[in-house]
Amino acid sequence: VQLQASGGGLVQAGESLRLSCAASGIIFSISGMAWYRQAPGKQRELVATVTSGGSTYYADSVKGRFTISRDNAKNTVYLQMNSLNSEDTAVYYCNSHLQRMRGGFEYDYWGQGTLVTVSS
């Protein structure tokens with residue numbers, strides 16, 4: 001299984017970006033999908049999650065500005081980021097909690113990370 005993240009880049013404060021992350025390979029089902037981020041010198045933190053049924057969770061720091069969504073048919077998770085500020089600068093990682101075969105265990109898989117830089 002591979003997770004391929006894309007969409008990062010350099011933007012000005014107040015602008016928007018949309019991240020995408022597609023899971024590929026032998027996948028039976030994906031329960032949770034999520035975005036994490038790691039700023040320079042800081043620990044990785046959870047940004048947002050979405051379940052297979054569409055329930056979402058957001059960290060307080062991004063609530064009201066970021067929107068997580070997923071396309072189950074494409075095994076893809078998105079993160080729409082609006083009103084970006086310098087504190088959002090980080091490497092963003094996607095995560096999928098998935099099952100590779102019916103009745104198998106669920107495991108976490110990670111994307112390679114995509115850099116988001118917000119200049120003020």
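Start with the whole surface. The chain exposes about 6,500 Å², and carbon and sulfur atoms supply 49% of it (Shrake-Rupley areas with a 1.4 Å probe; for residues, only the protein chains shown count as cover). This is a predicted model, where local features need pLDDT of at least 70 and side-chain atom pairs pLDDT 80 or more, while totals for chains, interfaces and linings use all residues. Residues are numbered from 1 along each chain as its sequence is written, and side-chain values use heavy atoms, without hydrogens or water.

**Zoom out**

Show the C-alpha atoms. They fill a box of roughly 50 × 25 × 25 Å along the principal axes. The radius of gyration is 14 Å, which agrees with the value near 14 Å for a compact globule of 120 residues (taken over C-alpha atoms; the rule is 2.2 Å times the number of residues to the power 0.38).

**Switch to cartoon**

Look for 0 helices and 11 strands (DSSP runs numbered from the N terminus: helices are H or I with at least four residues, strands E with at least two). From the N terminus on, the order is β-β-β-β-β-β-β-β-β-β-β.

Now colour by burial. Buried residues make up 38% of the 120 residues (buried is under 20% relative accessible area, exposed over 50%, partly exposed in between, with a 1.4 Å probe and protein chains only). Of the contacts with a separation of 6 or more, 54% join residues 24 or more positions apart (contact means heavy atoms within 4.5 Å).

**Select strand E9**

Strand E9 covers residues 90–99, and Ser 96 sits in it. Ser 96 counts as buried because its relative accessibility is 0%. Beyond its neighbours within four places in sequence, Ser 96 touches Leu 3, Ile 30, Gly 32, Met 33, Tyr 107, Asp 108 and Tyr 109.

Step to Asn 95, also in strand E9. Asn 95 is buried, at 6% relative accessible area. With neighbours within four places in sequence left aside, its contacts include Ala 34, Tyr 36 and Trp 110.

**Finish at the largest pocket**

Select Arg 37, Gln 38, Ala 39, Lys 42, Gln 43, Glu 45, Ser 61, Arg 65, Asn 85, Glu 87 and Asp 88, the lining of the largest pocket. A pocket here is an open set of points on a 1 Å grid where a 1.4 Å probe fits, with protein on both sides within 12 Å along at least five of seven lines; lining residues have an atom within 4 Å of a point. The space comes to about 170 Å³, as filled by probe spheres set on the points. What classes line the largest pocket? There are 1 nonpolar, 4 polar and 6 charged residues (Asp, Glu, Lys and Arg count as charged; Ala, Val, Leu, Ile, Met, Phe, Trp, Tyr, Cys and Pro as nonpolar; the others as polar).
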